[in-house]
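Reader: I am new to this structure and would like to go through it in questions. Please show it first.

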Amino acid sequence: MRRDFHRTRRFKVITGGGHALDQVMLYCAGRQAVPVRDQVLSKISPNVSVWAVEPDQNSLGEYLASLASLTTTLPYDLLVLPGHGVPFYGLKTRIKQLADHHEDRCRLIADACRHSSKTSK
């Protein structure tokens, strides 16, 4: 029987936007792992959408800001526990990959719009 059930742990509540209206992640500084839920996935980019209940929301801006915040809030050497896929190390490397991916995609969209009209008739 475990006898440490009475031990108190303190968690820092971290929220991130973009994927969900308010994604909650709990970080315990004494632990070497952090559940990042769907905010940072190991192999794919999380879905970042505009929700019908918040049509003027800047979902991508909120998502990128939350990634930047995670970079400064969490240490590098944690075991990352995503909501989908396998656990991994290298949170800050993965965050940079995700941010770069979205920057590249936004640049491609802007370039395409400069060359010809993209509205439907």
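Reader: What share of the residues in the chain is buried?

Author: This is a predicted model, where local features need pLDDT of at least 70, side-chain atom pairs count only at pLDDT 80 or more, and totals for chains, interfaces and linings use all residues. Residues are numbered from 1 along each chain as its sequence is written, and side-chain values use heavy atoms, with hydrogens and water left out. Buried means under 20% relative accessible area, taken with a 1.4 Å probe and protein chains only. Of the 121 residues in the chain, the buried share is 28%.

Reader: In which helix is Arg-94 found?

Author: Helices are DSSP runs of H or I with at least four residues, numbered from the N terminus. Arg-94 falls within residues 91-115, which form helix 2.

Reader: Which side chain of opposite charge is nearest to Arg-94, and how far away is it?

Author: Lys and Arg count as positive, Asp and Glu as negative, while His and the chain ends are not counted. A salt bridge needs a side-chain nitrogen of Lys or Arg within 4 Å of a carboxyl oxygen of Asp or Glu. Arg-94 is buried and has no salt bridge. The nearest side chain of opposite charge is that of Asp-100, at 9.5 Å.

Reader: Which backbone oxygen lies 3.2 Å from a polar atom of the side chain of Arg-94?

Author: The side chain of Arg-94 reaches the backbone oxygen of Ser-42 at 3.3 Å. The backbone oxygen at 3.2 Å from a polar atom of that side chain belongs to Ile-44.

Terms used:
Helix = DSSP H or I, 4+ residues; strand = E, 2+ residues; numbered from the N terminus. Buried < 20%, exposed > 50% of the residue type's maximum accessible area, 1.4 Å probe, protein only. Polar contact = N/O pair within 3.5 Å; in protein donor to acceptor, adjacent residues only side chain to side chain.
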